[in-house]
Amino acid sequence: MGAGTLHAALDAIVTLDGLQALLQALHRRGFRIVGPTVRDQAIVYDDIDSIGDLPRGWTDDQDGGHYRLTQRGDEALFGYAVGPESWKRFLHPPLLRLWRAERDADTTSVVPDSPSAERLAFLGVRACELHAITIQDRVFLDGQYRDPHYHARREGAFIVAVNCGKAGGTCFCVSMNSGPKVEQGFDLALTELIGESQHAFLIEAGSDTGRAVLDEVPHRAATQDEIKAAKAVIDRTAVSMGREMRSDDVRELLLRNLEHPRWDDVASRCLSCANCTMVCPTCFCTTVEDTTDLTGDHAERWRRWDSCFTMDFSYIHGGSVRPSARSRYRQWMTHKLATWIDQFGTSGCVGCGRCITWCPVGIDITEEVRAIRASPVITEGIEDLLREHPFVRGLDENVVVLIAGCAKNVMFQANEYIFREGSAADHFYLIRHGTVALEMFVPGRGPFTFLTVKSGEILGADWLIPPYRSSFDARAVELTRAIAFDGKCLREKCELDHHVGYEMMKRFIPPLVGRLQMARLQCLEIHDDGKLQR
Ligand code: SF4
Ligand code: SF4
């Protein structure tokens with residue numbers, strides 16, 4: 001055995017002493033090594049000085065809302081699945097100062113914080129976590145705006161990956177094609193081999209830097225038996241996943257079921273605590289906070305992790321866009337599994353299972369998908385619903401069938417916004433049951449309700465007039481059920497068949513004229529009293 005003999009081109013074997021030598025080689029190169037260690041009864045990522053800091057002999061027992069460390073009965077260093085922390089804590093820190101400002105008698109100076117110059121080496125990165133890092137790379141580096149802080153930390157990072165030798169009770173990386181074997185994006189990859197005759201690691205180099213570091217570490221060529229044993233470790237892990245989730249059609253499944261009653265069911269359990277977003281290795285949302293001292297001479301701006309589960313996250317003038325737990329959970333899950341694909345080209349979930357383990361009430365993303373899949377919302381019957389609404393009274397049957405192709409059944413919780421002023425007016429609604437307040441924002445006073453729309457009435461006309469932007473807010477006052485029409489779809493049908501267009505106009509013009517008259521009367525009230533009336 002000798003350092004540098006294989007140039008790390010082939011699978012090699014390092015012993016425990018070799019692993020210690022690897023840490024020393026990284027330290028010599030100036031890396032701060034971060035890896036798994038036991039703290040607060042969990043396996044967390046922290047500074048690693050020697051292999052003595054690793055969680056030797058520990059494993060994790062995980063299930064929905066459940067995490068316990070137990071002894072494995074052997075000396076494995078990487079014999080656990082994943083803990084509550086992910087590498088985003090180091091690449092995209094939870095709290096980061098962006099700039100500080102100082103003021104003296106004559107000047108005010110703003111000093112941006114420089115990106116970190118620290119060189120990080122991550123030890124023990126799992127396949128799902130490597131996928132998560134790649135996903136965050138797309139978010140922070142590939143778009144129009146590159147995050148300089150993420151870029152500095154990521155660019156110099158050295159990654160020692162570890163193939164999983166044990167699947168956690170909540171893992172489902174096989175379903176997401178993100179594990180358990182690391183495929184790319186690493187400098188070195190280890191597979192831990194524990195047998196009666198040896199405790200060693202099969203090591204593979206994935207980059208020139210990885211090869212150069214391995215050349216400084218004592219190693220020998222792996223035998224065919226050792227290569228087979230390493231493959232068996234990964235194969236065993238792959239067939240022992242704690243969870244599974246069919247993912248090939250999950251985008252379409254969720255987007256077709258935005259009004260599924262399961263969203264109400266999960267909302268009745270969800271505490272909106274935001275744990276799932278904090279532990280998720282791909283969630284990236286932040287907010288900024290400005291602080292100042294009592295003198296007003298010193299101010300700072302900090303960036304900190306935020307969550308789509310908080311009310312403030314979607315607050316715009318007058319209220320939150322997603323006021324209910326139902327709307328927030330649906331936003332999170334459909335973004336992770338569906339619209340993330342539209343936005344970034346991949347799923348936002350790597351199947352690490354953290355959101356299941358660390359949810360205090362054990363909400364399980366795989367179970368939620370399974371429940372929706374088991375009873376998808378029946379879309380047939382929309383024509384029957386349409387026929388019950390006064391809007392279609394007297395409409396030819398063939399026109400009802402034609403416009404039904406642009407319609408879907410929807411439901412809004414009390415206080416949920418159906419659309420906001422300035423948002424795309426891509427739908428109009430036939431209210432079946434419920435009440436909707438039409439509101440405008442009055443500076444200094446807040447939201448002002450200028451009209452309410454009730455069962456049997458039409459909501460929204462801006463879909464007819466370019467630039468198709470909503471000119472007011474519409475908020476469900478109580479649980480409201482409606483038929484939503486895709487405005488673009490209907491406009492196209494009206495263009496193709498002017499008879500359909502004429503029938504639509506006949507039904508839209510009378511209520512619009514009625515509302516215009518009402519607005520005229522409200523104007524008179526305003527001028528009589530000299531102030532707005534509710
Ligand atoms: S959504 Fe859950 S399982 Fe998927 S990557 Fe995030 S924490 Fe892991
Ligand atoms: S799903 Fe669970 S972890 Fe996520 S916000 Fe709801 S209660 Fe908290």
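I count Ala, Val, Leu, Ile, Met, Phe, Trp, Tyr, Cys and Pro as nonpolar, Asp, Glu, Lys and Arg as charged, and the others, Gly among them, as polar. With that I sorted the shell of ligand 2: 10 residues are nonpolar, 2 polar and none charged.

**Ground rules.** I am working on a predicted model, where local features need pLDDT of at least 70, side-chain atom pairs count only at pLDDT 80 or more, and totals for chains, interfaces and linings use all residues. I number residues from 1 along each chain as its sequence is written, with chains lettered from A and ligands numbered from 1 in the order in which they are written.

**Ligand shells.** I took a residue as near a molecule or strand if its C-beta atom, placed from the backbone, lies within 6 Å of it. Around ligand 2 I found Cys270, Leu271, Ser272, Cys273, Ala274, Asn275, Cys276, Phe309, Cys359, Pro360, Val361 and Ile363. Ligand 1 has 13 residues around it. The closest of them are Cys280, Cys349, Cys352, Arg354 and Cys355. By class, I get 8 nonpolar, 3 polar and 2 charged for the ligand 1 shell.

**Whole chain.** I looked up helices (H or I, at least four residues) and strands (E, at least two) as DSSP runs, numbered from the N terminus. The protein chain has 16 helices and 25 strands. Along the principal axes, its C-alpha atoms fill a box of roughly 90 × 70 × 40 Å. I then checked burial: a residue is buried if 20 or more other C-beta atoms lie within 10 Å of its own, exposed if 12 or fewer, and partly exposed in between, with C-beta atoms placed from the backbone. Of 534 residues, 37% count as buried. For contacts I required C-beta atoms, placed from the backbone, within 7 Å. Among contacts with a separation of 6 or more, 73% join residues 24 or more positions apart.

**Helices α8 and α10.** I fitted axes as lines to C-alpha atoms, for helices over the stretch in contact, with angles from 0 to 180 degrees between N-to-C directions. Helix α8 (residues 262-269) packs on helix α10 (residues 325-344) at about 110 degrees, with the axes 8 Å apart. I therefore call α8 and α10 roughly perpendicular, a label for 65 to 115 degrees; under 35 is roughly parallel, over 145 roughly antiparallel, and the rest oblique. Trp263, Asp264, Val266 and Ala267 in α8 meet Ala325, Arg326, Tyr329 and Arg330 in α10. That contact has 5 nonpolar, no polar and 3 charged residues.

**Sheets.** I let two strands pair if DSSP finds at least two bridges between them. One open sheet of 4 strands runs β19-β24-β21-β22, with antiparallel pairing. Its edges are β19 (417-419) and β22 (446-454), each pairing on one side only. The twist averages 35 degrees from one strand to the next. Strand β21 (residues 435-442) joins β22 over 8 bridges. I noted Leu438 bridged to Leu451 in β22.

A further open sheet, also of 4 strands and antiparallel, has the order β18-β25-β20-β23. Here β18 (407-412) and β23 (458-459) are the edge strands. I found 6 bridges from β18 to strand β25 (residues 480-486). Lys408 has Ala484 in β25 as its bridge partner. Helix α15 (residues 487-496) packs on this sheet and touches β20 (427-433) and β25. Its direction makes about 50 degrees with that of β25.

**Hairpin.** Strands β5 (residues 58-63) and β6 (residues 66-71) pair antiparallel over 6 bridges. Asp60 stands opposite Leu69 in β6. In this hairpin, 2 residues lie between β5 and β6. Gly65 in the turn has a positive phi of about 70 degrees.

Methods
Two residues are in contact if their C-beta atoms, placed from the backbone, lie within 7 Å.
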